[in-house]
Amino acid sequence: MARARSVFRCTECGAEQPKWAGRCDACGAWNTLLEEAVGRPGARAARTGPLPSARPPVRLADVGGAAAARWRTGLAEFDFVLGGGIVPGSIVLVGGEPGIGKSTLLLQCAARLEQAGVATLYVSGEESPEQIRLRADRLGDDAGAVRVLGETRLEAIVHHAAALAARVVVVDSIQTTYTDELEGAPGNVGQVRECAARLMRFAKDAGPAVLLVGHVTKGGGIAGPRTLEHIVDTVLYFEGEATLDHRILRAVKNRFGSVDEIGVFEMTGAGLAPVANPAAAFLAGRHTGVSGSAVTALMEGTRPMLVEIQALASKAGFGTPQRVATGLDHRRLAVLLAVLERRGGLPVGDLDVFVNVTGGVRLLEPSTDLAVTAALVSSIHDRPTPPDALFLGEVGLGGEIRPVAGVERRLVEAARQGFRRVFCSARSRVTPAGLDVVGLEGIGELARRLAA
Ligand code: TYD
Ligand code: MG
């Protein structure tokens, strides 16, 4: 009788190693290798070789155009992030920290799909049908018609989904799902991967869309293998600050749409509500007329978003001045402060400096440099920036201000939100409707303009 084989798999990257080691060869993570028994599927494949595919090859021209159809959930921001709705036969992973609202979002989707006549099955391995009912009672959407199943065994899930001919199957979560064919507890890397792969095959063969919930670890990856991201068609991350009501759904991979698109929701007492004016969602609550604030426009996928940057510079009490950056890289802040001092002639060496991006947004583009600098200058001089001004530009080490990409779209959005002038590089070739352009050569000019 063949002895059960076992391998060691990295919980970070999913790489397989024949023997245990302290460090994963593939990704370099420490203490991530776990033993995993390789069960019957491997043995069977070794004995029989690959099975012929159940479906013969077809010419592309003969493939039906049904794949172009999508199911819209009617949750506008969710459909937008997916690229226009759920694609039949696709598998979508919705990742996020516990408590962020993944189950709520998918239950709302199921409710809306069911109302639109798309048969759905909501499988939960985390909550009983009674608990799901309690959640459903809070929702604004009527989820009464959604079929729910408290189940964690993959074979049972697939059986029920097929028997009901469900068009959309929600599996909450992939970490609680297991298959009989592998040893090892639910949530271990082998189980997670195998279950996802089997659900993928089920989706491709039988045609339903599968929405998978995946919990995210401290490091930010979907708990267990990152290889899960390679198996599925679409990966969405649901993010937000625990203390804020805004939730952001972000597409990090999408075989059927563009990536980096975001949808903005608000968590209310009756579930998640798409935000009506996402571009300005993060400007809500802005105080105009206060020094140390500047607004810029970021690109999130194809969508411009306006964000406020706040800076506070005050005389350091003693010792090394403090530099605290929330929502941007502290090294970027250090660079901008050095440029401000050397090229802009503003002494910042003995100031405590705090910079904050409101709404829990993270600045990743250099196009936001000018706004950060403007907020700093405004705070140092204690003079507010004009309330209707937008700042858009990259700051170089020489103090020069550079044009940024995608200006046109950002400015159209800014004008729509009531902004009337834009501070940008003098080299920007822009002719925005309804906006006055203040072209700047360098950071010194910015400091002079804001002090005037
Ligand atoms: P949940 O969907 O359970 O999160 P996840 O599945 O990602 O772990 O969301 C739970 C949180 O959302 C919980 O703290 C309660 C809150 N919530 C509301 O604020 N309003 C609502 O209508 C619902 C259903 C939940
Ligand atoms: Mg949940």
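Start by selecting helix α5 and whatever covers its buried residues: the cover includes β5 (120–124), β7 (168–172) and α6 (189–206). Helices here are DSSP runs of H or I with at least four residues, strands are runs of E with at least two, and both are numbered from the N terminus. You are looking at a predicted model, in which local features need pLDDT of at least 70 and side-chain atom pairs count only at pLDDT 80 or more, while totals for chains, interfaces and linings use all residues. Residues are numbered from 1 along each chain as its sequence is written, chains are lettered from A and ligands numbered from 1 in the order in which they are written, and side-chain values use heavy atoms, with hydrogens and water left out.

**Stop 1: helix α5**

Show the side chains of residues 154–164. Which residues of α5 are buried? Leu154, Ala156, Ile157 and Ala161 are, where buried means under 20% relative accessible area, exposed over 50% and partly exposed in between, with a 1.4 Å probe and protein chains only. These four residues lie on the same side of α5 because they cover an arc of only 165° around its axis, the arc being that of the directions from the helix axis to the C-beta atoms. Turn to the other side of α5 and you will find His159 and Ala163, which are exposed.

**Stop 2**

Now select the strands of the open sheet. There are 9 of them, with mixed pairing, in the order β6-β5-β7-β8-β4-β9-β10-β11-β12; two strands pair if DSSP finds at least two bridges between them. The edges are β6 (147–150) and β12 (271–274): each has a single partner strand, so one side of each is left without a neighbour in the sheet. From one strand to the next, the twist averages 25°.

Zoom in on β5 and β7, a parallel pair with 5 bridges. Tyrosine 122 has valine 170 in β7 as its bridge partner. Bring α5 back into view: this helix packs on the sheet, touching β5, β6 and β7, and its direction makes about 165° with that of β5. Contact means heavy atoms within 4.5 Å, and angles run from 0 to 180 degrees between N-to-C directions, with axes fitted to C-alpha atoms, for helices over the stretch in contact.

**Stop 3: ligand 1**

Select ligand 1 next. Of the 15 residues around ligand 1, Gly99, Lys102, Ser103, Thr104 and Gly271 come nearest; a residue is near a molecule or strand if one of its heavy atoms lies within 4 Å of it. Then look at polar contacts, which are pairs of N or O atoms within 3.5 Å; within protein, one must be able to donate a hydrogen and the other to accept it, and residues adjacent in sequence count only if both atoms are side-chain atoms.

- Glycine 271: a backbone N or O atom at 2.7 Å.
- Glycine 269: a backbone N or O atom at 3.1 Å.
- Isoleucine 100: a polar backbone atom at 3.4 Å.

**Stop 4: serine 378**

Move on to helix α9 (residues 369–381), where serine 378 sits. Is serine 378 buried or exposed? Serine 378 is buried, with a relative accessible area of 2%. A polar atom of its side chain lies 2.6 Å from the backbone nitrogen of glycine 292. Leaving aside residues up to four places away in sequence, serine 378 touches Ser291, Gly292, Ser293, Arg383, Pro384 and Thr385.

**Stop 5**

Select β16 (residues 351–357), which is largely enclosed by the rest of the structure, since 5 of its 7 residues are buried. Strand β14 (residues 303–315) runs antiparallel to β16, joined by 7 bridges, and isoleucine 309 has valine 357 as its bridge partner. Strand β15 (residues 323–326) runs parallel to β16 with 4 bridges, and here alanine 325 stands opposite valine 355.

Finish at β17 (residues 389–392). Ala389 and Phe391 point one way, Leu390 and Leu392 the other, and all are buried. In a regular strand the side chains alternate between the two faces of the sheet. β17 pairs in the parallel sense with β20 (residues 421–425) over 4 bridges, and arginine 421 is the bridge partner of alanine 389.
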